[in-house]
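Have a look at the picture first, then follow the questions.

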Amino acid sequence: RAAALPLLPTSAGAAAASTSASFTSASIAAMATPCPQHPPLLMGQQPQHAAVLGHREHFQLYPIPQYTFPDMSGQETLWIGLEHKQSTLLDRDIVDVLAASSETLRRLEKAARSAMNALMALGAVQEQVVLYGSLSIGRTDPTAANLESALSGNGAEALFATPGLSQRGPAPGCFITDLSDVDCAALLSEQCQSSQLVERLSEVSRNEMEWCQVHATVVPRFSVTQWTMVSDRGVHLDLSFFTDPAQFNQFCARQREFRETFWLTRRALQECHGEAGAIAFDAYIYLLKAFAALTSRSTLTSFQAICLGLFVAQRRGLTAPPTSLTGLMLLKRFLLFCKDFFAYEGRSNCWHGTDAIDISGGGRVIDRFSKRARAELYFTDAENSLQVHTSDWMNVLHNVNPETISSSAGQALECWFFPKSQKNQRKVWARLKRDLLPVMKLSHCAPR
C-alpha cells in the first residue's frame with residue numbers, strides 16, 4: 001500500500017508484535033486498550049524516561065560519506081546524453097504516465113474529507129486527527145508561510161490547505177498513483193473503543209460514502225489498532241486509532257521528520273541540478289512506487305522503498321552525472337545500492353548485517369542495535385526529539401527479507417539497465433513502461 005501506517009509493523013512477519021483477524025465487531029471490540037507503559041500526556045508534552053539511550057552520543061555515527069557507491073560514471077556515459085530540456089521532458093513523461101488519474105484524485109479527496117469530517121463529527125479533536133501517506137505530501141514545495149502546516153499534517157484545515165490536494169498540470173498535485181489509498185490516524189480517549197467508532201463512522205458518513213469493514217490489526221506495542229475499510233467506489237481507507245498520547249506524539253514526530261526529510265532532499269537536488277533536479281526527484285519517487293508495486297508486498301512496501309530512495313538520493317543524488325540528472329539515473333543508483341546493501345554477504349563497506357540506516361540529517365549509517373530485525377532504518381532525529389528509548393524506536397525495515405530485496409533489485413538492473421541495447425534513456429523508459437503499466441494501472445489491484 002502507499003503507506004499503510006508506514007511507521008508501525010503491518011505485515012504477517014511481525015506476528016510477535018501484532019495480531020490480525022477477520023474484521024468483525026464482536027471479535028475486535030476489546031482490541032484497543034490503553035497502554036499502561038506511559039502516563040497520559042497533553043499534546044506536545046514530552047515523555048520522560050529514567051534512562052534514555054537514544055541520544056547520539058550513545059552510538060557511533062560514521063563520517064559522511066561512509067558508503068562508497070559503485071562507480072557508474074562509465075555506465076552512465078554509455079547512455080546517449082540528453083540535453084537539459086530533453087531530460088526534463090523525459091521525467092515529466094514518467095510522472096504523467098505513472099501518476100494517478102484526475103478521477104482517482106477526486107475519489108481519494110472525497111474519501112479523505114468524508115472520513116476526517118466524520119471523525120470530528122463524532123467528537124475527535126481536530127489537532128488529533130492526522131492525514132498521512134501520499135495524499136499529505138504535495139508536489140509543490142511548501143513556502144515559508146505554510147511550511148509548518150505542510151510538515152505537521154495535523155488537523156483537517158491544515159491538511160486540505162496543503163498543495164497535495166490539487167491538480168498540477170496533467171498530473172495530481174501530490175505523489176499518488178492509481179494504487180494509492182487514504183491513510184488517517186487519530187488519538188482516542190480512554191472511554192472510546194475503536195470498534196464502536198468505526199461502526200458509528202460508517203453510519204455518519206453513509207450519506208456521502210458507504211464503507212465496508214474489511215480487516216483489523218492490533219499492535220499492542222504501539223497502543224494502536226488499524227482498521228481497513230473499502231468504500232462503495234473502491235477506495236481503501238486505513239484508519240489507525242491510538243489510545244496512548246505518548247505513542248501518538250511519537251507517530252506524529254516520525255511523520256513530521258519524514259515530510260521534512262522528503263522536502264529537504266528534493267530541495268537539495270534542485271539547488272544542485274536546478275529545476276531539472278526537482279523534476280527528476282518527482283519522477284524518481286513515482287519510479288520507486290512502481291518498483292515496490294512490481295515486487296510482492298512482502299518484499300518491499302512503497303513507503304520502505306521511498307525511505308531507502310531518499311537515503312540514496314541524499315548520498316548519491318548530489319553527485320553531478322556526465323549528463324543531466326534524470327529519475328532513471330536515480331532509480332539505477334537505488335537498485336545498485338539495494339543489490340549490494342541487502343546482499344547475503346557483505347560486498348561493500350556498508351551492509352545490512354552490520355549497519356543501520358538513518359535518513360535524518362542528510363543521511364548516514366549507524367551501528368545496528370536490534371537483534372530481532374534483519375535490517376534497520378530509523379528517523380533518529382524524531383526519536384531523539386521525544387527522548388524515545390532505543391528499544392522503542394520504530395524500525396521502518398522491521399519486516400523485510402534482505403536477500404529478496406537484493407535479488408529483486410538485481411533482476412531489475414539486468415532487465416532494464418544492463419542489456420547492450422538499452423544505452424538510450426528513452427529506450428530504458430520504454431522498457432520500464434512496458435513492465436510497469438500493467439501493474440500500476442490495474443484498477444482491481446490492492447493499494448500499496
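Buried means under 20% relative accessible area, exposed means over 50%, and partly exposed lies in between (1.4 Å probe, protein chains only). This is a predicted model, in which local features need pLDDT of at least 70, side-chain atom pairs count only at pLDDT 80 or more, and totals for chains, interfaces and linings use all residues. Residues are numbered from 1 along each chain as its sequence is written, and side-chain values use heavy atoms, leaving out hydrogens and water.

Q: What makes Cys212 partly exposed?
A: Cys212 has a relative accessible area of 47%. That value falls between 20% and 50%, so the label is partly exposed.

Q: Why does Cys174 count as buried?
A: Its relative accessibility is 0%, which is under 20%, so Cys174 is buried.

Q: How many disulfides are there?
A: A disulfide is a pair of cysteine sulfur atoms within 2.5 Å. By this rule the count is zero.

Q: Which strand pairs with β9, and in what sense?
A: Two strands pair if DSSP finds at least two bridges between them; strands (E, at least two residues) and helices (H or I, at least four) are DSSP runs, numbered from the N terminus. Strand β9 (residues 355-358) pairs with β10 (residues 364-367) over four bridges, in the antiparallel sense. Asp355 has Asp367 as its bridge partner in β10. Five residues sit between the strands of this hairpin, where Gly361 takes a positive phi near 65°.

Q: Which residues have the most contacts inside the largest nonpolar core?
A: A nonpolar core is a set of buried Ala, Val, Leu, Ile, Met, Phe, Trp, Tyr and Cys residues joined through side-chain atoms within 4.5 Å. The largest one has 76 residues, and Phe262, Leu308, Phe334 and Leu335 have the most contacts inside it. Helix α9 (residues 275-294) gives this core its largest share, twelve residues.

Q: Why is Arg333 called buried?
A: Arg333, found in helix α11, has 1% relative accessibility, which is under 20%, so it counts as buried. Its C-alpha atom is separated by 9.8 Å from that of Leu413, 80 residues apart along the chain.
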